[in-house]
Amino acid sequence: MSNLQARVTAGDRAFHVEGYERIEYDLLYVDGVFAPENTELADSYHPYGRALAVVDDTVYRIYGEVIQSYFDHHGIELTVIPVQIRETAKSLETYEQIVSRFDAFGLVRTEPVLVVGGGLTTDVAGFACASYRRNTPYIRIPTTLIGLIDASVSIKVAVNHGKHKNRLGAYHASKYAVEAISDALRFEVKGFGVKVVIIQPGLIRTDFSSTAVAAIGADEGPYGAFNAGVAQATKDVYEKGPMAHFGGDPDDVAKAIEKAITARRPKIRMRVTPSAHMLIAQRRMMTDGMWDRFLTTQFTAPRPDAPAGR
Ligand SMILES: NC(=O)c1ccc[n+]([C@@H]2O[C@H](COP(=O)([O-])OP(=O)(O)OC[C@H]3O[C@@H](n4cnc5c(N)ncnc54)[C@H](O)[C@@H]3O)[C@@H](O)[C@H]2O)c1
């Protein structure tokens, strides 16, 4: 529900409205959000006796039973909308499917939707919540690194439209999410005895190039050739460029995280793959001018009269 406070000044032929909407949301760290003894989530759903959850299909396959038993334990009836959203399906069609399920459920205005998944799930379901009845609350549980450090921390939600990424969206803060990890956080929490380790993975051999290329999209404006160049360079770097040989395995990142958690005196910064070391060393050795020239060998710079991209 909107908490917009507005002031109206009326003149003879017009009136002026000035209003500010307060944005307020919490980021909670919960170790084992679906452990029965943790009541943070259940507390939000007890008043309704039920919960509607949009859950990434892969996450649901892995954690479905745990999620279900959590709500059973707390006597809350759970309805799940499993979604498998690829970057190409971050679309109005998927958004509409989710909204139709909100209708079928008979979601009441103040009832928060639970959104569990990576950035794609939280972006699309978040946009559905932003626009459903103009404003529906939601609680995000990010399950990917991008979700944790970026998508669920930010208040931006969106879907793609046509060839454009995040073309339709909103600013819609979730009721709760979990906190991100960054250099600034290290300083913020140091005084409380909390240590933060920054993990820099570098290039990891995953299917990221296809997601990244789809995500960059095409543009017919001055950024057309540039976007096409970035997409091609990203694909090459992951699939056949020299750096591909220095990329690492996703397990290497998991091992680094394990090491950071279990070490008595963890390093402040951990570079996981040879590519992470190389890219950072390369940047240090070059002057700003050299770095700019290096970038122009990798990408076509945008210009007003550039030809259309892909
Ligand atoms: N709103 C923002 O400010 C913001 C910021 C950054 C990124 N994003 C958006 O985030 C999207 C990318 O998000 P993403 O990288 O999280 O991708 P994603 O949501 O597609 O998740 C990646 C894959 O991991 C699987 N998965 C998710 N959690 C899992 C788990 N715990 N265990 C096993 N598999 C799991 C998913 O099924 C999916 O196949 C992009 O569309 C980008 O635009 C938004």
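**Notes on the model**

1. The shell around the ligand is made up of 7 nonpolar, 10 polar and 6 charged residues. In this classification Ala, Val, Leu, Ile, Met, Phe, Trp, Tyr, Cys and Pro are nonpolar, Asp, Glu, Lys and Arg are charged, and the others, Gly among them, are polar. Of the 23 residues around the ligand, Thr58, Gly118, Gly119, Thr144 and Ser154 come nearest; a residue is near a molecule or strand if its C-beta atom, placed from the backbone, lies within 6 Å of it. Two or more residues of the shell are supplied by each of helix H2 (57-73), helix H4 (119-131), helix H5 (145-151) and strand S8 (156-161).

2. On provenance, this is a predicted model, in which local features need pLDDT of at least 70 and side-chain atom pairs count only at pLDDT 80 or more, while totals for chains, interfaces and linings use all residues. Residues are numbered from 1 along each chain as its sequence is written.

3. The protein has 11 helices and 12 strands. These are DSSP runs numbered from the N terminus, with helices (H or I) of at least four residues and strands (E) of at least two. Of its 310 residues, 25% count as buried. A residue is buried if 20 or more other C-beta atoms lie within 10 Å of its own, exposed if 12 or fewer, and partly exposed in between, with C-beta atoms placed from the backbone. Among contacts in the protein with a separation of 6 or more, 74% are between residues 24 or more positions apart; a contact requires the C-beta atoms of two residues, placed from the backbone, to lie within 7 Å.

4. Two packed helices are described by the angle between their axes and the distance between the axes. For helix H3 (residues 92-105) and H4, the axes come within 9 Å and cross at roughly 55 degrees. H3 is therefore oblique to H4. Axes are lines fitted to C-alpha atoms, for helices over the stretch in contact, and angles run from 0 to 180 degrees between N-to-C directions. Angles under 35 degrees count as roughly parallel, over 145 as roughly antiparallel, 65 to 115 as roughly perpendicular and the rest as oblique.

5. The crossing of H3 and H4 is right-handed, that is, the near helix is turned clockwise from the far one by less than a right angle, anticlockwise being left-handed. From H3, Thr94, Tyr95, Ile98, Val99 and Phe102 meet Val124, Ala125, Phe127 and Ala128 of H4. By class, this contact has 8 nonpolar, 1 polar and no charged residues.

6. His161 lies in strand S8 and is partly exposed because it has 15 C-beta neighbours inside 10 Å. Apart from neighbours within four places in sequence, His161 is in contact with Leu92, Arg167 and Leu168. The C-alpha atoms of His161 and Thr88 are separated by 9.8 Å, although these residues are 73 residues apart along the chain.

7. Gln5 is placed in strand S1 (residues 5-10). With 10 other C-beta atoms within 10 Å, Gln5 is exposed. Not counting residues up to four places away in sequence, Gln5 touches Gly19 and Tyr20. Gln5 and Tyr20 are 15 residues apart along the chain, and their C-alpha atoms are separated by 5.9 Å.

8. Backbone phi deserves a separate remark. Most residues other than glycine have a negative phi. Arg134, not a glycine, has a positive phi of about 70 degrees; Arg134 lies in the loop between H4 and strand S7 (138-142) and is exposed, with 9 C-beta neighbours inside 10 Å. Asn166, likewise not a glycine, has a positive phi of about 50 degrees. Asn166 belongs to strand S9 (residues 164-171) and is partly exposed, with 16 other C-beta atoms within 10 Å.

9. Ile204 lies in the loop between strand S11 (198-200) and helix H7 (208-216). Because Ile204 has 18 C-beta neighbours inside 10 Å, this residue counts as partly exposed. Beyond neighbours within four places in sequence, Ile204 is in contact with Gly247, Gly248, Pro250, Val253 and Thr273. Ile204 and Asp252, 48 residues apart in sequence, are 8.8 Å apart from C-alpha to C-alpha.
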